[in-house]
Amino acid sequence: MSAAAFLQIRNVVKDFDGHRAVDNVSIDIAQGEVFALLGSSGCGKTTLLRMLAGFETPTSGTITLEGRDLAGLPPYARPMNMMFQSYALFPHLSVADNIAFGLKRDGLPAAEIAARVEAMLKLVQLGAFAKRKPHQLSGGQQQRVALARSLAKKPHLLLLDEPLGALDKKLREETQIELANIIEDVGVTCVMVTHDQEEAMTMASRIAVMSQGRFLQVGAPAEIYETPTSRFVADFIGNVNLMDGKLVEDEADHVVVDCGDLRHWVGHGITGTLGMTATVALRPEKIRVAAEPPAPEAGVPDAGFNRVQGTVKDMAYFGSFTVYRLQLASGRILKISQSNTERQGAGLTWGDSAWASWSPLSQVVLTQ
Amino acid sequence: MKLHRWLAGRAAVIGIPYAWLFVFFLLPFLVVARISVSEMKTTTIKDIVEWKDGAIAFSLRFGNYLLLAEDSLYFSTYVASLKYAAVTTLLCLAIGYPFAYFMARARRSLQPALLMLVMLPFWTSFLLRVYAWKALLTEQGLLANAIEAVGLDHLLAALGLIPGPGQLMNTPFSLVLGMTYTYLPFMILPLYSNLAKMDLRLLEAASDLGATAWTAFWKVTVPLSRAGIVAGAMLVFIPCVGEYVIPELLGGPQTQMIGRTLWDEFFSNNDWPMACAVAVTMVLLVIVPVAVFSRYQAEVQERRA
């Protein structure tokens, strides 16, 4: 961590009546980054965001922005703006006046305010709605007004609290891309809070997965998804098969984890000791399913590894892919998601016997 | 068939309040209006329509209204009523707004108790409370002594609110004090219910956008509580205009208000038509702000819809 980081959060703790909401969090965020705090409700992500905005005071720890300690600075004096969850637009002001609110507080000349408001309206494509009141707008339009209002003052840091949380699913997908584009165009550094992993993955350049007030893992979206470092993260992000077993072979280029009913040949080394318990995480889309026993996977010494037989207990057809739940003889259920690359798919149905197999490059071994 | 029944139900729901207003407001008002244009014969009121010598004679006497317009005494009484009602309303707002604000922002568990405290005076007779003020303000009264001890009466005299130091009772001061005290809860309650509903995140948003607490209050809280302010002001202003008991007990020769004039016409002069003319004029005076208010309410409703 360099001392010159744009936004520096150091050992920040926040206690509420004996409950620790944020527990010793430290992170450096670089200029231009879109950083997502991802976690379920009550994990402390919103509290952390509110401490950045100045609505909460850290119990201990420091937050510095561009080298300046923010402690003691009230929200109205901080060079950052927030887009609130469900927007908090002023109901008595028109769209234009909502956007102008912050500019007026800075005492800018009227002509400059008008020009800035117009530019903002153009940015979010709401020029025709300047005179409307917030309640006359749709949810998506309100969201854009909120964004325009929070960008109007050219904040050094933009805070987004569940930016798409109030929109329905279809609108959310469209808005997500639009929002990401605007933020990229403006080039503002951004910290967002979300409980929606898809939202975090598509919008953020880096994600911090939070639980019980702590950062469990910080990394790029693909890193978090493909190489989770803990059971919690693997389970929280996307779907996963978690298999507990024992480390029975520990080489520099591969390890073997014996889970009883199946054996994993993992094509990379790990730091661990022989005989320790380990969990293998395997994403459903990385498993292939077939009616006939497949040939041993490339890189695996024999068919005793990364291959298992079971019966199709459940399947759900989603059009572009099918999800299978394969029950093994031991009773274990394997979740498998198969892309429907051909019209007939795998040609399996309920109760069929089927084989699952996966590459030695598909698993992650979790030791915590 | 079904539609028919539905319409009947609708008519009943809308009809009941209309029927109520018709029977208990419009009808009495028309009776009063009729008397105001009739002639009085010692103890009886002459009919407007008379059958006399084979001719129907209508007689509407607008003399009372002309007198109201001509006699400056009536005019100044109306002005005084409006003035004292307006001053009382402003004072209630100035005291009631911070009061309601504090209540609405107090801890949730504390709010019912605070609400109770506001309403508690209603448990004592209104008359008793006004008499209590009389006792407090009269010469050698508890409050009178305190005011004189700190020399506040000199200030009040200088402002022209009392005729001279040491004379607190039966002055504009005692009148406005009594009315403000009595009507304060009517200002606080609508303001409280309005302020308690306010979304506090709006204040955070204002703060985030660079507004200090003071600016946020004037730019966000006050505009958003406008409906509460209007409702409270109407609840105080309208009854204050026609107030009789408080001016009678706490007011003085300087503070002749329309309620007092009404009483005098009815019971001292026994001039019912004149009294009714005074009453009709007062109702019309009060109806104007009510009409403004209900139009404003309708606008607010429309904006919410």
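How many of the 368 residues of chain A count as buried? The figure is 40%. A residue is buried if 20 or more other C-beta atoms lie within 10 Å of its own, exposed if 12 or fewer, and partly exposed in between, with C-beta atoms placed from the backbone.

This is a predicted model, in which local features need pLDDT of at least 70, side-chain atom pairs count only at pLDDT 80 or more, and totals for chains, interfaces and linings use all residues. Residues are numbered from 1 along each chain as its sequence is written, while chains are lettered from A and ligands numbered from 1 in the order in which they are written.

Start with chain A as a whole. Its C-alpha atoms fill a box of roughly 75 × 45 × 35 Å, taken along the principal axes. Chain A holds eight helices and 20 strands. Helices (H or I, at least four residues) and strands (E, at least two) are DSSP runs, numbered from the N terminus. Two residues are in contact if their C-beta atoms, placed from the backbone, lie within 7 Å. Among contacts in chain A between residues at least 6 apart in sequence, 64% join residues at least 24 apart.

Now take the sheet that begins with E1. Four strands of chain A form an open sheet in the order E2-E1-E4-E5, with antiparallel pairing. Strands pair if DSSP finds at least two bridges between them. The edges are strand E2 (19-29) and strand E5 (68-69) of chain A, and each pairs on one side only. Helix H1 (residues 45-53) of chain A packs on this sheet. H1 touches E1, E2 and E4 of chain A, and its direction makes about 65° with that of E2(A). Axes are lines fitted to C-alpha atoms, for helices over the stretch in contact, and angles run from 0 to 180 degrees between N-to-C directions.

Look at the pairings of E1. Strand E1 (residues 7-16) and strand E4 (residues 60-65) of chain A run antiparallel and are joined by five bridges. Leu7(A) has Leu65(A) as its bridge partner in E4(A). Seven bridges join E1(A) to E2(A), again antiparallel. Here Phe16(A) is partnered by His19(A) of E2(A). The hairpin of E1(A) and E2(A) has two residues between the strands, and Asp17(A) takes a positive phi near 45° there.

Another sheet has six strands. It is open, runs E6-E7-E8-E3-E9-E10 in chain A, and has mixed pairing. E6 and strand E10 (214-219) of chain A are the edge strands, each pairing on one side only. From one strand to the next, the twist averages 20°. Strand E3 (residues 34-38) and strand E8 (residues 189-194) of chain A run parallel, joined by five bridges. In E8(A), Thr194(A) is the bridge partner of Leu38(A).

Two loop residues deserve a look. Most residues other than glycine have a negative phi. Gln212(A) has a positive phi, near 50°. Gln212(A) sits in the loop between strand E9 (206-211) and E10 of chain A. There, Gln212(A) is partly exposed, because 14 other C-beta atoms lie within 10 Å. Asn306(A) also has a positive phi near 50°. Its loop lies between strand E15 (287-290) and strand E16 (307-317) of chain A. Is Asn306(A) buried or exposed? Asn306(A) counts as buried, because it has 25 C-beta neighbours inside 10 Å.

Next, the meeting of the two chains. 16 residues of chain A are in contact with 16 residues of chain B. On the chain A side, strand E6 (80-83) and helix H2 (95-105) are the elements that give two or more residues. H2(A) gives the most, with three residues. By class, the chain A side has nine nonpolar, four polar and three charged residues. Ala, Val, Leu, Ile, Met, Phe, Trp, Tyr, Cys and Pro count as nonpolar, Asp, Glu, Lys and Arg as charged, and the others, Gly among them, as polar.

Finally, turn to a helix pair in chain B. Helix H9 (residues 201-208) and helix H10 (residues 213-224) of chain B pack at an angle of about 135°, with their axes 10 Å apart. H9(B) is therefore oblique to H10(B). Angles under 35 degrees count as roughly parallel, over 145 as roughly antiparallel, 65 to 115 as roughly perpendicular and the rest as oblique. The crossing of H9(B) and H10(B) is right-handed. A crossing is left-handed if the near helix is turned anticlockwise from the far one by less than a right angle, and right-handed if clockwise. H9(B) contributes Leu202(B), Leu203(B), Ala206(B) and Ser207(B) to the contact, and H10(B) contributes Ala216(B), Lys219(B) and Val220(B). These residues divide into five nonpolar, one polar and one charged.
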